[in-house]
Amino acid sequence: MTGTAVVDRATAGTGPSTHPLSRVLRAGRPLVCGILNVTPDSFSDGGLFDSLDRAVRHGCALAAEGADLIDIGGESTRPGARPPTLTEELDRVVPVVEALAGQATVPLSVDTSRPEVMRAAVAAGASMVNDVRALQRPGALAAVAELGVPVCLMHMQRAPETMQEDPRYQDVVAEVRAFLAERVVACLDAGVRPENLVIDPGFGFGKTLEHNVALLASLDAFTRLGFPVMVGLSRKSVVGQLTGRTVGDRLPGSLAAALVAVQRGASVLRVHDVAATRDVLTVLAAVGTA
Ligand code: 7PM
C-alpha cells in the first residue's frame with residue numbers, strides 16, 4: 001500500500017482490522033481537521049459545565065462549517081504552559097468527546113500524550129489519536145496498537161516548556177524526517193497497522209522561522225515517506241512572523257500556508273478556521289490540483 005522501506009522491514013497488520021477513518025485519510029482528497037481546545041485558557045471561567053457547553057457548541061460549529069475531523073485537546077502545549085494532571089485532562093476531554101460523539105457525525109480525534117486519556121477518549125467515541133510526543137510516553141504505543149485507531153505522530157524538539165529556547169538543527173528537514181521514520185518503525189514494531197499512521201513535522205514545536213519555512217518548502221520529503229501528512233500552521237507564530245500580524249489577524253497568511261501545504265502533498269490541514277480553509281480547497285479542487 002505504501003511501498004516504503006520503513007514499512008517493508010516491519011511486522012505490519014498485527015493489530016485490529018482496518019479502521020474506517022484510515023480509508024478516509026487516504027481517500028486522496030485533503031481533509032480539514034477543526035481544532036477544539038478544551039484548556040482553561042481557551043474556555044475560561046463559568047465552571048466545568050459552562051466550559052463543557054461552550055466546547056460542545058464550538059465542536060458543533062466546526063462540524064457545521066464542514067470539518068472532516070475534529071481534534072479535541074485538553075493539554076495546552078503553549079511554551080511555558082503548566083501541564084494538567086491526568087485527572088484534569090480526563091475531566092476536560094472525556095465529557096466533550098462523549099457529548100460530541102453523541103450528536104456530531106464528524107469523526108473525533110483526541111490530542112493527548114497520555115495512554116489513559118487515549119483509552120478513555122476512544123471508549124467515549126473518539127476515532128483517532130493525535131500525539132505531539134509521537135507516542136513516546138510509556139504505554140502510549142501499546143494503547144494505540146490495542147485501540148486500532150489511526151494516530152498522528154508529530155515531531156517536537158525537546159518539551160513545550162523549553163522548545164522555543166534557541167532551537168537548533170544541522171539539517172531540519174533530514175532530522176525531522178529521520179525522527180518521524182523512527183517513530184513509524186516503533187509503531188509498526190508495536191503492532192500499529194501502517195494504514196493507521198499519519199505524520200506531522202510539527203510546525204512551531206522547537207523550530208525557528210527559518211526551520212518552519214524550510215519544512216513547509218520541503219513538505220514533499222515527508223509525503224515521500226508514504227504516509228498521509230498532517231500540517232498545523234493555523235494562526236501560528238510562523239505566519240505571524242512572516243506577515244507581521246497578531247494572532248487575530250493571521251487568517252489570510254494561514255490560508256496561504258494551507259494552500260502551499262496542500263500543493264506540496266499535505267493530506268490533513270489542522271485549522272481553527274474551517275469554513276475559510278474549505279473554500280481554499282474548493283478553489284484548488286476546481287483547478288484539479290488538489
Ligand atoms: C499554543 C501554542 C496553543 C501552540 C496551541 C498550539 C499541532 C498539534 C498543536 C500541530 C498536530 C496549535 C498548537 N499544534 N497537533 N497540536 N500538529 N498534529 O496552534 O501542528 O494548535 S497545539
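Please keep in mind that the model is predicted.

I'll start with the ligand. Around the ligand there are 14 residues, and the closest are Asn 130, Asp 200, Phe 205, Lys 236 and Arg 270. Sorted by class, this shell holds 6 nonpolar, 3 polar and 5 charged residues.

Now some contacts. Lys 236 has a polar side-chain atom 2.6 Å from an oxygen atom of the ligand. On the side of the ligand's nitrogen atoms, one is 2.8 Å from an N or O atom in the side chain of Asn 130. For Asp 111, the distance from a side-chain N or O atom to a nitrogen atom of the ligand is 3.4 Å. The ligand alone would expose 480 Å², and the protein buries 84% of that.

Where does the ligand sit? The space it takes is the largest pocket.

Next, the cavities. Searching the whole structure for cavities of 30 Å³ or more gives 2. The largest cavity has about 50 Å³ of space. Its lining includes Val 231, Leu 233, Ala 257 and Arg 270. Arg 270 also came up among the residues closest to the ligand. Helix H11, residues 251-263, and strand S8, residues 268-271, each supply at least two residues of this lining. By class the lining has 6 nonpolar, 3 polar and 1 charged residues.

The second largest cavity holds about 30 Å³. H11 gives the most to its lining, with 4 residues. Among the lining residues are Leu 251, Leu 255, Asp 273 and Thr 277. The classes here are 4 nonpolar, 3 polar and 1 charged.

That's the end of my part.

Notes: Residues are numbered from 1 along each chain as its sequence is written. This is a predicted model: local features need pLDDT of at least 70, side-chain atom pairs count only at pLDDT 80 or more; totals for chains, interfaces and linings use all residues. Side-chain values use heavy atoms; hydrogens and water are left out. A residue is near a molecule or strand if one of its heavy atoms lies within 4 Å of it. A polar contact is a pair of N or O atoms within 3.5 Å; within protein, one must be able to donate a hydrogen and the other to accept it, and residues adjacent in sequence count only if both atoms are side-chain atoms. Accessible areas come from the Shrake-Rupley method with a 1.4 Å probe; for residues, only the protein chains shown count as cover. On a 1 Å grid over the protein atoms alone, a cavity is a set of points where a 1.4 Å probe fits but cannot get out, and a pocket is an open set with protein on both sides within 12 Å along at least five of seven lines; lining residues have an atom within 4 Å of a point. A molecule sits in a cavity or pocket if more than half of its atoms lie within 2 Å of its grid points. Ala, Val, Leu, Ile, Met, Phe, Trp, Tyr, Cys and Pro count as nonpolar, Asp, Glu, Lys and Arg as charged, and the others, Gly among them, as polar. Grid points are joined across faces, edges and corners, and a volume is the space filled by probe spheres set on the points.
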